[in-house]
Number of protein chains: 2
Amino acid sequence: MSDQQQHRVVVVGAGFGGLFATKALRRVPASVTVINGTSYHLFEPLLYQVATGILSEGEVAPPIREILKRQRNVDLKLGWVTDVDVDERTVLVSAMNGREIRIPYDSLIVAAGARNSYFGNEDFAEFAPSLKNIDDALELRSRIFHAFEMAELEDDPEQRQRWLTFVLIGAGPTGVEMAGQIAELAHRALNGQYHHADLGRTRVILIDAVDRVLPAFDRPLSVAALRKLTRLGVEARLQTRVVDVDADGVEVRTAAGAERIEAYTKIWAAGVAAPELAGRIAAATGAATDRAGRIVVGPDLTVPGHPEIFVVGDLAAGDLPGVAQVAMQGGTYAAGVIRRRLAGRPAPKPFHYFDKGNMATISRFSAVANVGKLHFSGLAGWFMWLAVHLFYLIGFKNKVSALTHWLVSFLGRGRSERIATTQQIQARNALNRLAADRSR
Amino acid sequence: MSDQQQHRVVVVGAGFGGLFATKALRRVPASVTVINGTSYHLFEPLLYQVATGILSEGEVAPPIREILKRQRNVDLKLGWVTDVDVDERTVLVSAMNGREIRIPYDSLIVAAGARNSYFGNEDFAEFAPSLKNIDDALELRSRIFHAFEMAELEDDPEQRQRWLTFVLIGAGPTGVEMAGQIAELAHRALNGQYHHADLGRTRVILIDAVDRVLPAFDRPLSVAALRKLTRLGVEARLQTRVVDVDADGVEVRTAAGAERIEAYTKIWAAGVAAPELAGRIAAATGAATDRAGRIVVGPDLTVPGHPEIFVVGDLAAGDLPGVAQVAMQGGTYAAGVIRRRLAGRPAPKPFHYFDKGNMATISRFSAVANVGKLHFSGLAGWFMWLAVHLFYLIGFKNKVSALTHWLVSFLGRGRSERIATTQQIQARNALNRLAADRSR
């Protein structure tokens, strides 16, 4: 097969959108180039379990080459797409070896995802990392488990309480799942392992400006989730805005006034922002963007005036939630449009998201799930969560190994992956000294 | 129980020596303080499997608190012992929170281990890391898997070959096991996953100044190991000295002359050096040290003139090999001496190492084992290796999960843990740019 004669598809990103698009192009007479910044796909919905010691990083981040090894028409290039030349139909890639390369396309599927937004306060990121990639998860794992160790070493009760206070900013699924897991760590998994620090004094504080947790779910499920979180010892601070974040804590504001919460460990799980590439594509194509910088696409997921450019998943503006299912279905749909075009068949119906439901775990044996008009919570929701995640987890061996770890963590109380590397600890200590010097 | 009345044992290090000493002190009327630089114990014999993607870091590094959670007389302090005051009988600890603390002891068990020696060429470490702790293993894992990715991206054949060349310095168990695993990665596990780089061109070069691999084993086993390595595609360069290591390769010298080997990935697995603490203890007690800086102890593992100070494992000088069994038995023996003393019973017989055998894996289904005068190699050796390591691996869940990963890697061809973090890659790129600037 010769590249000159074949239709060339470039897929930007190997998350759910890019991966499902690529897989759906398996039997299409086209050469597919996937461009991704890491060599692994990320199963983002389970990232919080890496950050809290349940799963290993390999279990949620299978190598892309292994997933696609039987698909002959795919080439993976590691790097970052920095720009798109829509007239020349090439993407500009800053490859991982530092070289700039240009890759031509006939069809382009942009599935570059989104990141958390600090709403203009980018300096918060150092003190309150978000949870969007493997590096984040390993850094948060290190911060969380290290905090308990530091509480144990500390003699001063005020300092110890700072180490035992965890602040989650944003009460969407990530904030809720992290809050539930940290509460379980303190009150159950690590119970009895510390002799000086009283882990019963651990505070887990979940903050959001809206008036309920899990605002994307139906209201009764938010109520159920909040009840369960409260029972776990999580303090939900709703209708509360975070106005400042520093090394030692956060400052919040409510209708009643301002307050400071002292906490060494802060996690940012709020807001959505599109990567820089979205702005480049919008500028090059004249496409509109929403407030988060996401690209407004037509009913067939293409950029207006550019039927050869698709935008799928979190990077596309609109009412659809930023969940894996939307990206998967969008990627598959875009591949289907390309397949039909190449076969000379008429365009398919507009993209329609089939909402299979939405779920979030609160703790072991407790989750909430929204399936159409049906609500599930507690144990029923948790079994649905288990079944769905096991089904979608990629690769047989990851299923077996994740299930083993779930048995260990949920039936037992073990957290198998608790490593904080020495490099992480030293880098953080150095940053904290720098921050202290700056504020002096 | 009050600390004032109780005998106070301080254990320095929670490797095999320290952990086995602590466990053997379980029913002894003493309070035990364990001081360790990390919150986890390290199952060092399987570290090479973390570096090559078979096991996750959590599987070889269980939390010390979890191992000891049912032992009531133990307190774990995270930090590094910087000095020992033998007159005051206190150890000086630089705790992980930056504080200096002093911990008094009645008996002291020093089990601080050893590290690799660069024989005065400490600048080699940046280019050829060794494999002694979790940070090392994760860094090497990142370098190895990243090297294949870079070979795939590279167009220049010379550069590509540099990425596909791996140099192991030192042909003891670590060098041999790493060489075997990297060869298996290139020729088996990753086979078919790269389209531009021909992994068949991968070179794995094992260098040592001695005349055989695995010099601590009986000669017929060295011969068997070398034969198997050669069949795997490993090039053994024996009676060869490494005289220089830089970012792009190594310089070696043999009786025939000098040669340069171009290779981006170098791993140091040679030499033994005692940590700084050994010199402090020797200076404080007047004990002799050997060339590697290890402390010369008496037949009961105590420092001459200081019956209250024990040195066990790799830190003790002598003819015993630096393997887990020596440390385990030494730790158990030292605890036994303390128990007898506290019970008013006579001193036990001198420490006698019961050599249960020595083993090293070459590849899947192939290992060599030396048990007394018996030799095992090939599949028989490998099953012995499997049984022994499964037996000694700590904790039921680690046994199950390691066995699962072994099935995946040895029956299948998967490597479940292949993550190179973005932080690791960026830090390395920055270091390489600095090195290039320096050499200009």
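This tour moves through the model stop by stop, saying what to select and what is found there.

The model is predicted, so local features need pLDDT of at least 70 and side-chain atom pairs count only at pLDDT 80 or more, while totals for chains, interfaces and linings use all residues. Residues are numbered from 1 along each chain as its sequence is written, chains are lettered from A and ligands numbered from 1 in the order in which they are written, and side-chain values use heavy atoms, with hydrogens and water left out.

**Helix α8 of chain B**

Begin by selecting residues 219–232 of chain B, which make up helix α8 with its 14 residues; helices (H or I, at least four residues) and strands (E, at least two) are DSSP runs, numbered from the N terminus. From its first C-alpha to its last, α8(B) reaches 20 Å, close to the 20 Å expected at 1.5 Å a residue, the expected span being 1.5 Å times one less than the number of residues.

Colour Leu221(B), Ser222(B), Ala224(B), Ala225(B), Leu229(B) and Leu232(B), which are buried (buried is under 20% relative accessible area, exposed over 50%, partly exposed in between, with a 1.4 Å probe and protein chains only). Looking down the axis of α8(B), you will find these buried residues within an arc of 165 degrees, so they line one face of the helix; the arc is that of the directions from the helix axis to the C-beta atoms. On the other side of α8(B), Arg227(B) and Arg231(B) are exposed. Among the elements of chain B that cover the buried residues are α7 (173–189), β8 (203–207) and β16 (358–363).

**Aromatic pairs**

Over all chains the structure holds 28 aromatic pairs, where rings of Phe, Tyr and Trp (its six-membered ring) pair if their centres lie within 6.5 Å, and planes under 30 degrees apart count as stacked, over 60 as edge-to-face and the rest as tilted. Select Tyr118(B) and Trp268(B), a stacked pair at 4.7 Å centre to centre with 25 degrees between the planes. Tyr118(B) sits in the loop between β6 (107–110) and α5 (134–153) of chain B, and Trp268(B) in strand β13 (residues 265–268), 150 residues apart. Tyr118(B) is buried at 5% relative accessible area, and Trp268(B) is buried at 3%.

Then select Trp382(B) and Phe410(B), which form an edge-to-face pair, 5.5 Å centre to centre and 90 degrees between the planes. Trp382(B) belongs to helix α11 (residues 378–392) of chain B and Phe410(B) to helix α12 (residues 396–411) of chain B.

**Where the chains meet**

Show both chains: 53 residues of chain B are in contact with 53 residues of chain A, contact meaning heavy atoms within 4.5 Å. Together the chains bury about 4,700 Å², 52% of it on carbon and sulfur atoms; buried area is the accessible area (1.4 Å probe) that two parts lose on being put together, summed over both. In chain B, Arg65(B), Leu153(B) and Ile419(B) lose the most area to chain A.

Across this interface the rule finds 10 salt bridges, each a side-chain nitrogen of Lys or Arg within 4 Å of a carboxyl oxygen of Asp or Glu. Select Glu66(B) and Arg418(A), whose closest N and O atoms are 2.8 Å apart in a salt bridge.

**A salt bridge within chain A**

Finish at Arg141(A) and Glu57(A), a salt bridge with its closest N and O atoms 3.7 Å apart. Arg141(A) lies in helix α5 (residues 134–153) and Glu57(A) in helix α3 (residues 57–60) of chain A, so the pair ties together parts 84 residues apart in sequence. Arg141(A) is buried at 2% relative accessible area, and Glu57(A) counts as buried at 1%.
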